[in-house]
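Subject: Structure handover

Hello,

Please find the structure below. The notes after it go through what was found in it.

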Amino acid sequence: MNGSPIMKRKIIDCDVIAGFWPKGRLPIAPDEVSAALLSHGIREACVVSARGIFFDHAAGNREALSWAEKSRTSSVKFHPTATIDLRRFLGYKEEIREMSRSGIRIFRLFPEYQGWDFDHPGFRRVAAVVAEENGTLFVKGKPGKILAALGSCDVSLLIGTHFYDLAEALALWEEGRKFRLSTTLLHGPGSIDIAREHGGEDSLVFGSGTPISAPGASVAVLEAASLSEDAKEKVLSRTMSALLQGGYHGR
Amino acid sequence: MVVDAHAHYGEWYFPVKSRGAEEIRISMRSLGIDRTLFSSSSAIVYDFREGNKELAEVIAPVAEFYGYVSVNANYLSESLKEMETYLARKDESRFVGVKVHPSLAGRGFDCDECLRISEAAAKYDAPILIHTFGSPIESPRNVLKAAEQFPQTKFILAHMGGYSWEDGIAVALQRKNTYLEICGTCTDTRKLRAAIQAVGPERVLFGTDATLFAPEYVFGSISDMGLTEAERSLVMGENAERIFGLNARERRQRHT
C-alpha cells in the first residue's frame, strides 16, 4: 500500500492494542505497533493496553496513559484509551472518572476476550458512567444485542462489527438509534458505502485492529470505497477527532 | 500471473454490493488478477445443481474465469453426477476443481460421503477446495482422513483454518497433498509467514473470497506479511497454475 492516496491524509486509527499478548506471539510492543501503523501512514491511534484486557484494568489504563505521554514526540501519537474488566466490576465508577480527569475520552470493553455477554448488568452501568463523563464507549459485537442491552442509555457509542452483521446496524439506524461503526471488519464489497448511505457520513470511524489484524487490509478497503473526498476525511480522522474532544455526544 | 484460487460468483444474503461478470473483470484488471476460480454462491448456500449450472454459463465465454463444481454431502449421488457432468470431459468444461462447504451443508469433511467425493475427485484429477474454520464441523483436521486415503488428490484448506490457522498448518505438515489458501477475515500477519516456513511457499495459495469480501482486503493484508519476490510469484499464481494445470489446459484449448 506504500504510496496510496490515503497515506497522505491524516488518519486516526480507533482500534489498536499494545502490550503483551498471552494468546500467541504477536508483534504488540508499543514500538512494534507504531512501526506497523506508520508503514501505512497512520500517525495517530487510540491505543488500549492488553494488560487492561487480560489482567488488571487499572494498571493497564495507567500504562496506556504513560505510552501516550511518551508518544508525544514520536512519529505515531497514541491517544490513551481506557478499559474496564467487567469480570471485576469493582471500582469501575472511580476508574472511569479518574481516567476521564486524565483526559481519556474513549473507553473500550472486551467481551470477546473476557467471556461475558451484553446481558451482564455491569455493561449498562459502565455505559451510564461513560455517558456522564461525556466519553465514547467502544465495544465489538452485534449491534442489535448491544443496543438492546443499553436500553435508553444515551452514551456516545462506537461498535466494531463484522459486515456479516451490518444488516443489524442498518435496521437500527432506520429506527433512529445513535451509534457509529468502526471500519475494522467492514470488508464486504461496498460495506462502507452502504453503511454511509444508511448511517450518514459521521457514522464511520477508521479502525484497523492492529496488531491482531493487518493494518493494510483496512486501509485497502477504505481506499477502494466510493466515498467523496470529504466523507473519506471524516472517516479517517474528523469524526474520531471530535470524539476525542468529547464532542458528538450521541448523534 | 496472479490467480485468485478462492472466489465466488453470485448474490449474497449480506448487505454487500453485488458484482456481475463484467464488473468482476474490471476489478480483476485493476487489481492485476489474471485468472479467477469461482464457486457459485447459490450453490454453496442453497441448491448446488442450480448454482453450478448458472456458473457454467457465466464462466464458459470468459477466458479469465474458471469454476469449482460445488457438491453437497447430503446429496451424494447427485453430487457425484455433478462432478461427472462438469469434470469428466476436461477440454469441454471450464470447471477445474470441487468445492465443499461443510458448515453450510451441516456435514463435516470427515463424513463417509466426503470420502466418496474425494474418491471421485481423484478419478477426475480435480483438486478439492474445502472451507475450513474454527468450529468442529469446519476443522482443518477433518480433512486428514480423506487426504490419507487419496494421496494423489490435492486438498486445499480454504482460509487455512481461519483463526485456527495453526491447525491448518498442522494438517498441512502431516499430509503433503494438502494446501493452504490464505484469504479470510483473519489477517493475522503471522499466519502467512508461519505457513511458508512450515510447508514451503509451493503449498500456499492466494485467494480473495470475492465477491463475498472486497478483494482489496486480502491484497492489503498481504502487503503487511513480508513476502519475498520468489514467494510472491509462487503464492500469488504459480502454485494455482500448477495445481489446477491451467497452462496446459489453456494450451490444449488454443490448439482445438
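In chain A, helix α7 (residues 143–150) packs against helix α8 (residues 166–174) at an angle of about 45°, and their axes are 8 Å apart. Helices here are DSSP runs of H or I with at least four residues, strands are runs of E with at least two, and both are numbered from the N terminus. The axes are lines fitted to C-alpha atoms, for helices over the stretch in contact, and angles run from 0 to 180 degrees between N-to-C directions. The angle makes α7(A) oblique to α8(A). Angles under 35 degrees count as roughly parallel, over 145 as roughly antiparallel, 65 to 115 as roughly perpendicular, and the rest as oblique. The contact is made by P143(A), G144(A) and L147(A) of α7(A) together with E168(A), A169(A) and L172(A) of α8(A). Two residues are in contact if their C-beta atoms, placed from the backbone, lie within 7 Å. By class, this contact of α7(A) with α8(A) has four nonpolar residues, one polar and one charged. Nonpolar means Ala, Val, Leu, Ile, Met, Phe, Trp, Tyr, Cys and Pro, charged means Asp, Glu, Lys and Arg, and the others, Gly among them, are polar.

Before the rest, note that this is a predicted model: local features need pLDDT of at least 70, side-chain atom pairs count only at pLDDT 80 or more, and totals for chains, interfaces and linings use all residues. Residues are numbered from 1 along each chain as its sequence is written, while chains are lettered from A and ligands numbered from 1 in the order in which they are written.

Chain A as a whole

Chain A contains eleven helices and eight strands. Its C-alpha atoms fill a box of roughly 45 × 45 × 30 Å along the principal axes. A compact globule of 251 residues would have a radius of gyration near 18 Å, and the 17 Å of chain A agrees with that. The radius is taken over C-alpha atoms, and the globule rule is 2.2 Å times the number of residues to the power 0.38. Of the 251 residues in chain A, 51% are buried. Buried means that 20 or more other C-beta atoms lie within 10 Å of the residue's own, exposed means 12 or fewer, and partly exposed is in between, with C-beta atoms placed from the backbone. Among the contacts in chain A with a separation of 6 or more, 70% are between residues 24 or more positions apart.

The axes of α4 (residues 92–101) and α6 (residues 121–132) of chain A come within 10 Å and cross at roughly 30°. α4(A) and α6(A) are therefore roughly parallel to each other. Y92(A), K93(A) and I96(A) of α4(A) make the contact with G122(A), R125(A), V126(A), V129(A) and V130(A) of α6(A). Five of these residues are nonpolar, one is polar and two are charged.

Where the chains meet

How many residues of chain B are in contact with chain A? There are 21, and they touch 26 residues of chain A. On the chain B side, nine are nonpolar, seven polar and five charged.

One helix pair spans the two chains: the axes of α10 (residues 215–224) of chain A and α10 (residues 215–222) of chain B come within 7 Å and cross at roughly 140°. α10(A) and α10(B) are therefore oblique to each other. Residues of α10(A), including G216(A), A217(A) and A220(A), meet E216(B), Y217(B), F219(B), G220(B) and S221(B) in α10(B). The contact of α10(A) with α10(B) has seven nonpolar, three polar and two charged residues.

Backbone details

Most residues other than glycine have a negative phi, and most peptide bonds are trans. T210(A) and P211(A) are joined by a cis peptide bond, with omega about 0°. P211(A) is in the loop between β8 (204–205) and α10 of chain A. In chain B, a cis peptide bond joins A210(B) and T211(B), with omega about 5°. T211(B) is in the loop between β8 (204–205) and α10 of chain B.

F89(A) is not a glycine, yet has a positive phi of about 65°. F89(A) is partly exposed, with 15 other C-beta atoms within 10 Å. H159(B), also not a glycine, has a positive phi of about 70°. H159(B) counts as buried, with 27 C-beta neighbours inside 10 Å.

Regards
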